[in-house]
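Have the sequence and the 3D view ready.

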Amino acid sequence: MPWPVVSTEKVYENPWISVREDVVRTPAGGEGLYGVVTVRHDSVFVVALTDADEVLLVDVDRHTVGRSLEVPAGGSDGEDPLVAARRELLEETGHEAGRWVALGRLQALNGVCEAPEHFFLAQDLTLVSDDRAAQAAEGIGAVRRVPIPEVLDLVARGRISDGESVAALMLALVHLGRVR
């Protein structure tokens, strides 16, 4: 059950997020101040698995953290999550998938955010576009095909440090029976 809100004030908004400050009644009975970021549209994350048991990862340049190795992902822009996942896979990797599995829904940074996320496994991949200019416009420097054992090593060594990508990979590997 949410903490009772005594007052709330919107302090910032743009087309992607809004930020508000809530004065809340804590479980101990006192008052506290919470900054809450609300993502306007759900996000989608895709674990794209090739027939050769490789995961497609994008090497992307992020304003916040620099270079990051991640699964294809993005905002739903208000679309159905599966429609958005298909779009993001195509935009970021040039691939379409013949088989899709919904892996679940999580919340990002739930201590400070309202940010629903949807996770998918994409299989039976076909390369249909190789538009490197479009990828570069999104900060994607490369699309890598990484065997699952190497993906696990990259996670263990902290080379894949994006939390949502780690969550997506874990959900996919559990679904595939590769981890228990």
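Leaving aside its neighbours within four places in sequence, which residues is V55 in contact with? They are V47, A48, L49, R144, R145, V146, I148, V151 and L169, where contact means heavy atoms within 4.5 Å. Keep in mind that this is a predicted model, where local features need pLDDT of at least 70, side-chain atom pairs count only at pLDDT 80 or more, and totals for chains, interfaces and linings use all residues. Residues are numbered from 1 along each chain as its sequence is written, and side-chain values use heavy atoms, with hydrogens and water left out.

**Aromatic pairs**
- The whole structure holds three aromatic pairs (ring centres of Phe, Tyr or Trp, using the six-membered ring of Trp, within 6.5 Å; planes under 30 degrees apart are stacked, over 60 edge-to-face, the rest tilted).
- W3 and Y34 pair up edge-to-face, 5.5 Å centre to centre with 85 degrees between the planes.
- F45 and F119 are stacked, because their ring centres are 5.1 Å apart and their planes sit at 20 degrees.

- F45 and F119 are both buried (under 20% relative accessible area; exposed is over 50%, partly exposed in between, with a 1.4 Å probe and protein chains only).
- W3 counts as partly exposed, at 35% relative accessibility.
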